[in-house]
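Me: I would like to learn how to read the features of a protein model step by step. Could we go through one together?

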Amino acid sequence: MANTYKDKARELMKGFCRVCPVCNGKACIGEVPGMGGLGTAASFHNNMSALAAVTLNMTALHGVTAPDTATSFLGIPLSFPVIAAPIGGAQFNMSPGFSEETYIESVLGGFEAEGSIGCTGDGVPAFIIDAACASLARHKGIPFIKPWEGKELDEKIERVLACDPPAIGMDVDAAGLVTLRKMGRPVTPMAPATLQRVIDSVHAKKKPFIVKGIMTPSDAEKAIEAGADAIVVSNHGGRILDHCPGTAAVLPAIAARVRRRISIAVDGGVRTGCDVVKMLALGADVVLIGRPVSVAAVGGEMEGVRAFCQTIRQELTQAMLLTGCARVADISAEILWK
Ligand SMILES: Cc1cc2nc3c(=O)[nH]c(=O)nc-3n(C[C@H](O)[C@H](O)[C@H](O)COP(=O)(O)O)c2cc1C
């Protein structure tokens with residue numbers, strides 16, 4: 001299935017994504033909209049190089065024979081520590097003929113069938129959130145909304161809360177999307193007091209809140225102060241601000257500051273089960289994967305997404321075996337070569 005869905009995706013995503021052997025942002029520099037990184041794509045490239053710079057201590061002299069990849073995030077059981085990142089805009093980022101409904105249904109349905117969960121994105125046009133809510137009514141999923149200015153924020157929160165998801169997130173780094181402002185739908189940086197008000201309103205409905213787009217220990221502290229239950233260390237896959245460091249480079253300092261006070265997710269350049277192990281060893285509880293999931297969804301719909309999950313889980317099991325980790329909780333900085 002893996003090769004078939006990639007061939008199909010290459011055909012359907014022509015002009016948007018070349019479906020390279022390794023999705024590293026080199027062939028799609030500046031292609032936003034599209035699947036690339038913004039500007040010089042330095043932030044996308046830094047995600048890749050920061051992860052590549054991390055290496056693992058291999059060990060085969062131990063008693064671990066069948067690693068257990070199961071874990072949980074914010075009380076949500078996961079068969080492996082990988083969640084589909086929120087991605088919206090299939091028609092203008094991936095393939096004009098591919099509907100938002102089929103896209104998000106493939107992602108949420110595929111991850112759910114494999115024992116994990118996917119996230120939904122937000123933006124303009126409205127069909128992104130419409131498709132997300134329709135799919136959230138059928139599948140478990142975590143909606144991420146943008147930091148809208150004014151009443152649109154409260155309306156969107158109400159709307160996704162009505163889908164009864166296990167958690168709600170906000171990609172606060174989308175404050176950099178000038179495109180939305182130009183379309184008359186402004187997003188804005190979140191003053192901590194505003195963020196706290198939003199989080200309070202979500203907590204009032206007994207749902208945990210995730211802040212996505214944290215790149216510094218001080219922003220992680222601010223998210224905690226505002227009441228967040230989890231953060232996603234993320235530079236939005238390099239699509240928001242050029243010349244950010246890679247997430248694997250900033251994660252250890254953030255984890256050192258806030259670990260055990262808040263759940264930590266991370267994304268950016270995760271492509272293999274080895275990358276998942278690296279991110280967990282650097283301090284994350286779970287990882288999100290973006291573009292490769294989109295390729296699987298466009299090329300193979302729900303079955304493609306399931307095949308992608310199975311490959312990552314198999315690679316993860318292998319990486320845990322050869323780093324001597326019986327359980328996800330055993331993955332620590334000890335397995336990193338220094
Ligand atoms: C086409 C595209 C659309 C995206 N849309 C959203 C979105 O609506 N909300 C969001 O929080 N992040 C969005 N992201 C960012 C992803 O959630 C994630 O942070 C990023 O893709 C992770 O990097 P990776 O693709 O290298 O795995 C988008 C990314 C891409 C490539």
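Me: What is the distance from an oxygen atom of the ligand to a polar backbone atom of G290?

Reply: Please keep in mind from the start that this is a predicted model. To read a polar contact, one looks for a pair of N or O atoms within 3.5 Å. Here an oxygen atom of the ligand and a polar backbone atom of G290 are 2.9 Å apart, and this pair falls under that description. With the ligand taken alone, 610 Å² is exposed, and the protein buries 98% of that.

Me: How many residues surround the ligand, and which are the closest?

Reply: The ligand is surrounded by 23 residues, and the closest are P86, D267, R271, G290 and R291.

Me: How many aromatic pairs does a search of the whole structure find?

Reply: The search finds one aromatic pair. To read such a pair, one considers the ring centres and the angle between the ring planes, where planes under 30 degrees apart count as stacked. The rings of F80 and F111 have their centres 6.5 Å apart and their planes at 15°, and therefore the pair is stacked.

Me: Why does the pair of F80 and F111 tie together parts that are 31 residues apart in sequence?

Reply: The reason is where the two residues lie, because F80 belongs to the loop between β2 (76-78) and β3 (82-84), whereas F111 is in helix α4 (residues 100-113).

Me: How should I read the backbone, and which peptide bonds here are cis?

Reply: As a general idea, most peptide bonds are trans, and most residues other than glycine have a negative phi. In this model, the peptide bond from V32 to P33 is cis, with omega near 0°, and P33 is found in the loop between α1 (2-12) and α2 (42-52). The bond from V124 to P125 is also cis, with omega near 5°, and P125 lies in the loop between β4 (118-120) and α5 (127-136).

Me: Is the phi of L74 positive or negative?

Reply: The phi of L74 is positive, at about 55°, although L74 is not a glycine. L74 is found in the loop between β1 (71-73) and β2.

Terms used
Residues numbered from 1 in each chain as written. Predicted model: local features only at pLDDT ≥ 70, side-chain atom pairs only at ≥ 80, totals over all residues. Heavy atoms only, no water. Near = heavy atom within 4 Å. Polar contact = N/O pair within 3.5 Å; in protein donor to acceptor, adjacent residues only side chain to side chain. Areas by Shrake-Rupley, 256 points an atom, 1.4 Å probe, with all protein chains shown as cover. Phe/Tyr/Trp six-rings, centres within 6.5 Å; stacked < 30°, edge-to-face > 60°. Helix = DSSP H or I, 4+ residues; strand = E, 2+ residues; numbered from the N terminus.
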